[in-house]
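I opened my notebook for a first look at this protein. Here is what I looked up, entry by entry.

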Amino acid sequence: MADWLDLNPDPAHVKREREKARALRKTDWWRAQIAAGVCHYCHKKVGAANLTLDHVVPVARGGKSTRGNCVPCCAACNASKKAYTPAEQILDQLFPAQSPSFEAHG
Ligand SMILES: [Zn+2]
């Protein structure tokens, strides 16, 4: 990724928001979010048991454990998302760091 990706989380913020996320997972609101068993990102039906709580803006990037910032996410999307924000992922898709080199023959 680009050099401007600044990963410099405030440990106190991360700890506080992770604790809030843990509490949020126990609410009826969260149970309603995962009830359909559908991932927010790929829209695959993976079942409620296979969904994790994901922060749209990662906690490590200053995101908060609010209802607006927490979505159900499958394991595959969780693994590919890492600490990028949605805007950064779109940029990454539009401008891949390295595309396969094209070799012209003849
Ligand atoms: Zn997914």
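**Entry 1: asparagine 50.** I began with asparagine 50, which I found in the loop between α2 and β1 (52-55). I kept in mind from the outset that this is a predicted model. Next I looked for its contacts, not counting residues up to four places away in sequence, and found Cys74 and Ala75. I also checked cysteine 39, eleven residues away along the chain, and the C-alpha atoms of asparagine 50 and cysteine 39 are separated by 9.2 Å.

**Entry 2: the two contacts.** I followed cysteine 74 first. Leaving aside neighbours within four places in sequence, cysteine 74 is in contact with Cys39, Cys42, Lys44, Val46, Asn50 and Leu51. Then I turned to alanine 75, which has its place in helix α3 (residues 75-81). Alanine 75 has 12 C-beta neighbours inside 10 Å, so I noted it as exposed. Alanine 75 and leucine 51 are 24 residues apart in sequence, yet I read 7.0 Å between their C-alpha atoms.

**Entry 3: the core.** Which residues form the largest nonpolar core? I listed six: Ile34, Cys39, Leu51, Cys73, Cys74 and Cys77. I jotted a general reminder beside this: in soluble globular proteins, nonpolar side chains tend to be buried together. Over the whole protein, buried residues make up 14% of the 106 residues.

**Entry 4: histidine 43.** I went back to the loop between α2 and β1, because histidine 43 lies there too, and with 9 other C-beta atoms within 10 Å histidine 43 is exposed. For context, most residues other than glycine have a negative phi.

**Entry 5: proline 86.** I then moved to helix α4 (residues 86-94), where proline 86 is found. Why does proline 86 count as exposed? It has 11 C-beta neighbours inside 10 Å, and the cut-off for exposed is 12 or fewer.

**Entry 6: stepping back.** I counted four helices and two strands in the protein. From the N terminus on, I wrote the order as α-α-β-β-α-α. Among contacts between residues at least 6 apart in sequence, 58% join residues at least 24 apart.

**Entry 7: confidence.** The mean pLDDT of the protein is 84, and 82% of its residues reach 70 or more. Where is confidence lowest, and where highest? I found the lowest in α4, at a mean of 75, and the highest in helix α2 (residues 28-34), at 97. A last note to myself: where pLDDT is low, the predicted coordinates should not be read in detail.

Key. Residues numbered from 1 in each chain as written. Predicted model: local features only at pLDDT ≥ 70, side-chain atom pairs only at ≥ 80, totals over all residues. Buried ≥ 20, exposed ≤ 12 C-beta atoms within 10 Å, placed from the backbone. Contact = placed C-beta atoms within 7 Å. Core = buried A, V, L, I, M, F, W, Y, C linked by C-beta atoms within 7 Å. pLDDT = per-residue confidence, 0-100.
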